[in-house]
Number of protein chains: 2
Amino acid sequence: MPAPLSQAIEDYLKAIYLIAQQSRQVTTTELAGRLDVAPASVTNMMKRLARMRLVRHTPYHGVALTDTGAKVALQVIRHHRLLELYLSRQLGVSIDQVHGEADRLEHVISEELEDRIATALGEPSLDPHGDPIPTKGGEVAATGGRLLTEAAPGERGVITRVSDRDARRVRELAAAGLLPGAEVEVVATGPRVVEIRVEGQRQRISTALAEAVYLDAGDRAPAA
Amino acid sequence: MPAPLSQAIEDYLKAIYLIAQQSRQVTTTELAGRLDVAPASVTNMMKRLARMRLVRHTPYHGVALTDTGAKVALQVIRHHRLLELYLSRQLGVSIDQVHGEADRLEHVISEELEDRIATALGEPSLDPHGDPIPTKGGEVAATGGRLLTEAAPGERGVITRVSDRDARRVRELAAAGLLPGAEVEVVATGPRVVEIRVEGQRQRISTALAEAVYLDAGDRAPAA
DNA sequence: CCTAAGATTTAGCCAATACTAATTTAGTTT
DNA sequence: AAACTAAATTAGTATTGGCTAAATCTTAGG
């Protein structure tokens, strides 16, 4: 079997995967920002990962995961999301904290523990933020849905996903009742603020916050 | 707050604590053996830990934890034993595997998660091997009990503790029904083999195996 | 009381992973 | 097309934590 990969390597691969989902280019700076590391450190690591055939690196033009690299990334993401759900559901860890906790645990759980957690949760397919949990084989369900900020006034839908990147933002979303499953109707949109109705309650939230919320592909028109 | 200590440092402190429980001297070689590391590496680390005031190091004569060092060690051991119990009880991880799993998890769980685990378990005081779980304040119950190998034929007692150092040995103990709570009667002792009755069943086990088993301070004489 | 064996430490080295500062490249602007 | 800017890379350095080989200390036996 191959030598186990370091936590640092797993973090880089995960970050590359997640960035690649949103932009066609995975740049050095983007990675550096995401990992809170100097750009030079990223370049360094990219050369190492390329030598290990975990990424393909075109100097000055970004990196992409190889198949092997993607496998690793998906396995780490599976750990992460299973742990998030487990911590939330079985141990009552609050939704804004599960991400940070899982970021550390994801690197140290065994295959066996991963299986037991998945079984205990009933082989779930979504984490508490609505992100899909990759299968052991590395398949991931597509994440559909439209941005709350891109819905027109009058539209309504059910929240399917919220970004888990920043714990504070998640805490604010939770406080506003904006978590997966909640029903939202857009009342009015402005450049800085969005007015919505959540589970009957009228609310105004900042556009920044609303940008972390995704709705299902549901009705464009309000129900009668 | 102080910078968080590395996993390596935590491992050294834990090992020093555990060795100190059994021998008055904590030697370089003993540590090297326990941590599976070269003796020179231990010396190196001892100097570092001494500079950090986590241990007192008398060159050529061993180390001892400072109060600060002992606090850290006990906190790590608390994590370890809570996790062992949690994994065993809530996730069904087998008793010979919990130790290895906990060895990795112990370094990454937050204070908050520690608390939630302790609460979920009802603030337990013993781990699955019968080792006491230190309190948050760093108190540890004394581990009494006599070695199974030192009991005379005819004596009986309840197993209070088994060594968890080697997974294979624990697996053998589990297979023989020799886990904390089991009632044992010593039938005969020899240099290589011990004959016992466990929960009614006659068994012969190697002395090496029996050396990992501790009985309560109970009856020296067999019940009528 | 001296010496050899065994334990410990020292010296010098390496890999992983990060940093800053300096340089180079790519892409855009005039 | 020259020049500028932003991004990326290179060069050189530090720290952590490990290693081997060589030197040194402790201690038990003779």
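Two residues are taken to be in contact when their C-beta atoms, placed from the backbone, lie within 7 Å. By that criterion, and in what is a predicted model, the contact between the two protein chains draws 14 residues from chain B and 14 residues from chain A. On the side of chain B that touches chain A, the elements giving two or more residues are α5 (98-105) and α6 (111-120) of chain B, and α6(B) provides the largest share, with 5 residues. Sorted by class, this side of chain B comprises 7 nonpolar, 3 polar and 4 charged residues.

The surface near DNA strand C has 12 nonpolar and 7 polar residues, but no charged residues.

Elsewhere in chain B, 6 strands make up an open sheet with antiparallel pairing, arranged in the order β3-β8-β4-β5-β6-β7. Because β3 (146-147) and β7 (201-206) of chain B each have a single partner strand, they stand at the edges of the sheet, and one side of each is left without a neighbour there. For β3(B), the pairing is with β8 (residues 213-215) of chain B, to which it is joined by 2 bridges in an antiparallel arrangement; within this pair, B:Leu147 stands opposite B:Tyr214 of β8(B).

Note on methods:
Residues numbered from 1 in each chain as written. Chains lettered and ligands numbered in written order. Predicted model: local features only at pLDDT ≥ 70, side-chain atom pairs only at ≥ 80, totals over all residues. Nonpolar A, V, L, I, M, F, W, Y, C, P; charged D, E, K, R; others polar. Pairing = 2+ DSSP bridges. Helix = DSSP H or I, 4+ residues; strand = E, 2+ residues; numbered from the N terminus.
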